[in-house]
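Biologist: Can you load the model and show me how it is put together? I'd like to start with the helices packed on the sheet.

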Amino acid sequence: MTYDGFVAVSAKQKRSRGPNRETPWRRRPEDGLSILRIALDTHDPVQRRRIEAMFAGAYQVRRAVQRAARNKTRAYWCAYHERQRDPEAVRDRLGLTRKALERVAYKCLDKAPHLRRYVSKALAMHLADSVFSATERHLFRDARGRRSGLPRVGHWWKFHRLPGRACSHTKARKWESFRLHGTLAGHRAAYTDGAGRFVQPRHLRPVESDAWWRYEGPLAVVFSGLADGTLVLPVRLPTAPCNQPILDHHLADPSRWHKVDLVRTRDPNAPGGWRYEAHLLVLTEPYASPATVARRARVAIDAVDRVAGIDVNVSNVTVASHEAGVAMRLGRIERDPPRRQRAHRRERAERRRKRALDRSRRAMNVAQYQLSKRQEKRARRRAAAGLPPVQVIPAGPRVARSDRVPLQRYRRDQLSRSYQRVRAALVADAAADAQARRAHAREVAAEVVHTHGYRLVVEDTSIAAWSRSWGRAVAAFSPGMLVAAIEREARAVAAIAGSCDGGVRRVSTYATALSQHCPCGARVDKTLADRVHVCTACGLRGDRDAVAAVLASFVVTSGEVDYDATRAARASIVRLLHRSNPYQGWQGTLTESNDLSAREGSCLTWSMSTPDTASRTVVVARRTVGTAASPILNEPGIRQTTSERARWRTDMFPRAGPSWLCSLRDNP
Ligand SMILES: [Zn+2]
């Protein structure tokens, strides 16, 4: 029996009698779903210690459940014959069900009664449920036929979320685990200054109530049912005028509040090193400002006949669109010089911090590192001259076994206070950068959909696979995030237009091979190095990405390019390519776009690593960026790996030119 079948049958058997007889509550999809992040005030040391202890206790429970889930899963895969006969029975026997994992969590609480001070049974149950969802993704394939890896035991520093329980929408005043009490009006009334402005002091007033369901004061997240009494955390709302409509949209109607999760993030400036937030799930559409709504409505009318194609590249995204072969538009998104410079500065600061971290780790764990060649030589020289040895921070590789596994695990290393602080700052900076990037992606997506409409086609490429070859270039440009933002915006516009075919449609690369074809229908083979499309059949010449984007915009519902339409629209395509492409050649391409940076990235990677993955060769750390994060013994330098040298010597490359590029054909 398939998993879906299993659910259907068990759902049918249930609910025939007993207290849950009535039809269960279902979320209406048309209500929408939005998450509001609310900051929690934890300046009170007593409450802060309680929430810290709560996270610590919950982590212990979750770890126990994760270990149980992992062991049970291993046993499940080992029971080969039994599984062939009846997989469901094996899961039941081993306890690989939601109920059984919940029982593991309860048992953990019973055996460690001290945890009951901070972790309630309901919280333990939700932790077990979240572990089971991860296990489920491993046990059962998803719609694409993929399953995720074996459930792992999570790390303390990556333990961020305490899942809450949704409030009941059928019974009044039923909301277990984390609840949000108070009203927005009450909050504003409590924090209004003499001039009638909404302001909040640095430390919010403590919130108290003996009847929470009737309470209408300032907002607070409440968790009752603990041995030490109710945990109450005051909520801090943004006071800026531009944020007020967002608060009204989410908080005005408490009947739409659905669920509260407690989330913590590393923040070196927060007391205790963690910042706490409540993520409130609200049954409403995500907020859109009046200007956004107006813009989307305009696009929904203007772009009703427009179809667009996207060509995604490591360092730029090209979009082309047309209305039935006429009124063609072409645009390219890439990082502008100031943005690139800012990213470069940030990268440098990050590298500096990472080097400081590495130095600090080496200084605290001297026994785990060998001396560098230079340090060794110096020590030998001093010993020969009869001088006493000097205390140094060893700069050599980590002490490891012959198979390069370190003798001592990294997590057993001693780390200094400043190490912890710098690492927290690094994480916080990375999070801030990611957020800024998402905001920028949203802006760009709005612009793209405004110009090119809400029906877009993109080749289904694996950006994860690119990251392996062009890690830094992809991370700097993040094309995946951009396409996702375009998709969200296009869907929002399509919803306004009432169209069901809006959004970004992915077509298989295998069927189309857009970058290897010409609008005339001829195949034009190109390597990644060929940035210019030159067709020998029809003489069309133009930027390679632009041609691919134009072809993508002519992909029909069957997933193939409509070459009759492209031939008919040839005149406008030629005009478009000519207008957008003043440079006609290799030199121009290099200076015009930031392909250069992508090539630099790929060049570094490819000349260092051995492309032969079968022999478990690792891409080694670059010498030029300082000490590697995990140094290994006998680390080969740039262009020193044997197979690469052999390739050069034996002239295995079929063509002249930049040799490393020939193996980088992006399409079959
Ligand atoms: Zn052609």
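Modeller: Start with helix α12 (residues 417-452), which lies across β8 (306-312), β9 (316-323), β10 and β11. Helices (H or I, at least four residues) and strands (E, at least two) are DSSP runs, numbered from the N terminus. This is a predicted model: local features need pLDDT of at least 70, side-chain atom pairs need 80 or more, and totals for chains, interfaces and linings use all residues. Residues count from 1 along each chain as its sequence is written.

Biologist: At what angle does α12 run to β10?

Modeller: About 165 degrees. Axes are lines fitted to C-alpha atoms, for helices over the stretch in contact, and angles run from 0 to 180 degrees between N-to-C directions. Contact means C-beta atoms, placed from the backbone, within 7 Å.

Biologist: And which strands does α14 lie across?

Modeller: Helix α14 (residues 479-497) lies across β8, β9, β10, β11 and β12. To β12 it runs at about 125 degrees.

Biologist: What's the strand order in the open sheet?

Modeller: β10-β9-β8-β11-β12, five strands with mixed pairing. Pairing takes at least two DSSP bridges between two strands. The edges are β10 (326-334) and β12 (503-508).

Biologist: How many bridges join β11 to β12?

Modeller: Six, and the two strands run parallel.

Biologist: Switching topic: where is confidence lowest?

Modeller: In helix α20 (residues 595-608), at a mean pLDDT of 25. pLDDT is the predictor's confidence in each residue, from 0 to 100. Residues 581-668 are below 50. Where pLDDT is low, predicted coordinates should not be read in detail.

Note on methods: Two residues are in contact if their C-beta atoms, placed from the backbone, lie within 7 Å.
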